[in-house]
Amino acid sequence: VEVTALFTDDDDSLQRAQELAATLAPWLASPPRFERLADRAWERVWLDEFAPARYGSRLWISPRGQVPAAEGAVVVELDPGLAFGTGTHPTTALCLHWLDGTPLTGKRVLDYGCGSGVLAIAAALLGADSVAAVDWDTQALEATRDNAIKNAVMDRIVALPPEQTPHEPFDIVLANILAGTLIQLAPQLRPRVRAGGHLALSGILTEQAESVASAYDEWVELMPPVTSEEWVLLHGSKREGQHPC
């Protein structure tokens, strides 16, 4: 495992980084490397590797102003800013493929851990009646609102911090986060999915899939996992007759 950390370029931060390296030294396979990074417009760096891409049969994610000329295309024009999510990472791509193949017309959707809002906006453009986009990061909520406005779906998307997540159950719940967090969130997500509603979980490495599934399979009828590289998407429907809590 290689860890990269960014520190403010000042003497105090350098000292803290060196102290951290000294503390970790007994477990390091090689000495840590320190280098200075020239300042850049980091929120624009993603453009270097971001081009229009299709997910499924009709859903496209595209940098703003680079809309593909594909017949029947449903296009999310995206500027993630400092938030996570352009569709290029396998975990997001898995979710986008799943959304493209899921009937969304008239559905209520919860995107828990919305990042840039890419999944929430895709759901709205694919026909969802309303979408709650939830994230703890204020930059993510700001990016989601901005991208929703640019894609003309702000009337169907509300961006909220976790404590304001609506209590009414949703038809579809998406959570593209991390395995450990998904396990911790299972009790909170359970009442958010209506009986018969659908749940999709991503951000899971293949070796983590079983432990995540075990946190949900008591109340979700899980389908065979979908994989991409070393990542997994788990999805299924909430069993009928399940009490919301």
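Which residue lies over the face of Phe 170? I looked, and Arg 108 does, at 4.3 Å from the ring centre. The rule I used puts a charge over a ring if NZ of Lys or CZ of Arg is within 6 Å of the ring centre and within 35 degrees of the ring normal.

**Ground rules**

I am working on a predicted model, where local features need pLDDT of at least 70, side-chain atom pairs count only at pLDDT 80 or more, and totals for chains, interfaces and linings use all residues. I number residues from 1 along each chain as its sequence is written, and side-chain values use heavy atoms, with hydrogens and water left out.

**Aromatic pair**

I searched the whole structure and found 1 aromatic pair. Tyr 216 and Trp 219 form this pair, at 5.6 Å centre to centre with 50° between the planes, which is tilted. The test takes rings of Phe, Tyr and Trp (its six-membered ring) with centres within 6.5 Å; planes under 30 degrees apart are stacked, over 60 edge-to-face, and the rest tilted. I checked burial too: both Tyr 216 and Trp 219 are buried. Buried means under 20% relative accessible area, exposed over 50%, and partly exposed in between (1.4 Å probe, protein chains only).

**Ala 215**

I placed Ala 215 in helix H7, residues 209–216. Helices (H or I, at least four residues) and strands (E, at least two) are DSSP runs, numbered from the N terminus. Ala 215 is partly exposed, with 25% relative accessible area. I left aside neighbours within four places in sequence and found Ala 215 in contact with Ile 183 and Ala 186. Contact means heavy atoms within 4.5 Å. I also took the C-alpha separation from Ala 215 to Asp 12: 43 Å, for residues 203 apart along the chain.

**Salt bridges**

I counted 6 salt bridges. Each is a side-chain nitrogen of Lys or Arg within 4 Å of a carboxyl oxygen of Asp or Glu. I looked up these pairs.

- Arg 36 bridges to Asp 9, with the closest N and O atoms 2.9 Å apart. Arg 36 lies in the loop between H1 and helix H2 (42–45) and Asp 9 in the segment before H1, so the pair ties together parts 27 residues apart in sequence. Arg 36 is exposed at 64%, and Asp 9 is exposed at 56%.
- Lys 150 and Asp 146 meet at 2.9 Å, N to O. They sit 4 residues apart in helix H5 (residues 138–150), so about one helical turn separates them. Lys 150 is partly exposed at 43%, as is Asp 146 at 29%.
- Asp 171 bridges to Arg 194, with the closest N and O atoms 2.6 Å apart. The pair links distant parts of the chain: Asp 171 is in strand E7 (residues 170–176) and Arg 194 in strand E8 (residues 193–205), 23 residues apart. Asp 171 is buried at 16%, whereas Arg 194 is partly exposed at 29%.

**Nonpolar patch**

Which residues make the nonpolar surface patch of about 540 Å²? I found Phe 7, Leu 20, Leu 24, Trp 27 and Leu 28. Patches take residues with over 30% relative accessible area and no salt bridge; like charges are joined within 9 Å, nonpolar side chains (Val, Leu, Ile, Met, Phe, Trp, Tyr) within 5 Å. Areas come from the Shrake-Rupley method with a 1.4 Å probe; for residues, only the protein chains shown count as cover. I followed up on Leu 24, which is in helix H1, residues 11–24. Leu 24 is partly exposed, with a relative accessible area of 39%.
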